Amino acid sequence: MDVADIIAAWEAEALQVQDKLGAAGVTPPADLAGMSGMEVFNAMFAGELPQPPIGVTLDFTPIRIESGTAIFQGRPGPQHYNPLGSVHGGWFCTLLDSAVACAIHSTLPAGRAYTTLEIKVNMIRALSAATPLVRAEGNVIHAGRQTATAEGRIVGPDGKLYAHATTTCLIFDV
């Protein structure tokens, strides 16, 4: 497939997901306490739970979440630019943090939660509105009782690497 075909496929997949996602909002933590990470994501993708507001704010969408893996798709644009005219590093970091943290969250049983302890992001090349779409994929490296680690990458439809990251999350009882 050429780049145009990949962009078309990515856009079609995002539209299918967006048709099922509910409005943006926050679910009270008490309502999530009895759900595993995958149950939370399955309910979100079915429109039974709201999608996180950060994705609407920064123009990215969860595409697929399976145990230990999460894929998000983003559309970098001028609204994400820094004063130098390229996408701000915070956009890279937020997209990657979503992918790697959700990959970890997907492995958690009911009654367990997480928070990011640290994230390390390497930006390899600049992003601008000239890059129509990117995908961030997060994959769990280790999921333990108290900590979990994951790695992630942002790639364009042409296969170019734009950034990569690692994270450590604290795992705790709800």
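Me: What makes the nonpolar surface patch in this predicted model, and about what area does the patch have?
Reply: The patch is made by Leu117, Leu170 and Phe172, and its area is about 240 Å².

Me: Where is leucine 170 placed, and why is leucine 170 called partly exposed?
Reply: Leucine 170 lies in strand β6, which covers residues 161-173. Its relative accessible area is 32%, and since partly exposed refers to values between the 20% limit for buried and the 50% limit for exposed, leucine 170 is therefore called partly exposed.

Me: How do you know that helix α3 is mostly covered?
Reply: Helix α3 takes in residues 37-45, and seven of its nine residues are buried, where buried means a relative accessible area under 20%. The buried residues are Gly37, Met38, Val40, Phe41, Ala43, Met44 and Phe45.

Me: Which elements do the buried residues of α3 pack against, and what follows the helix?
Reply: Those buried residues pack against the helices α1 (3-20), α2 (29-32) and α5 (89-105), and also against strand β1 (60-66). After α3 comes glycine 47, which has a positive phi near 80°.

Me: How many helices and strands does the protein chain have, and why is the chain called as compact as a globular protein of its length?
Reply: The protein chain has five helices and six strands. Its radius of gyration is 16 Å, and the globule rule gives 16 Å for 174 residues, so the chain is as compact as a globular protein of that length. Along its principal axes, the C-alpha trace spans about 45 × 35 × 30 Å, and 43% of the 174 residues count as buried.

Note on methods: Residues are numbered from 1 along each chain as its sequence is written. This is a predicted model: local features need pLDDT of at least 70, side-chain atom pairs count only at pLDDT 80 or more; totals for chains, interfaces and linings use all residues. Side-chain values use heavy atoms; hydrogens and water are left out. Patches are made of residues with over 30% relative accessible area and no salt bridge: like charges are joined within 9 Å, nonpolar side chains (Val, Leu, Ile, Met, Phe, Trp, Tyr) within 5 Å. Accessible areas come from the Shrake-Rupley method with a 1.4 Å probe; for residues, only the protein chains shown count as cover. A salt bridge is a side-chain nitrogen of Lys or Arg within 4 Å of a carboxyl oxygen of Asp or Glu. Helices (H or I, at least four residues) and strands (E, at least two) are DSSP runs, numbered from the N terminus. Buried means under 20% relative accessible area, exposed over 50%, partly exposed in between (1.4 Å probe, protein chains only). Contact means heavy atoms within 4.5 Å. The radius of gyration is taken over C-alpha atoms; the globule rule is 2.2 Å times the number of residues to the power 0.38.
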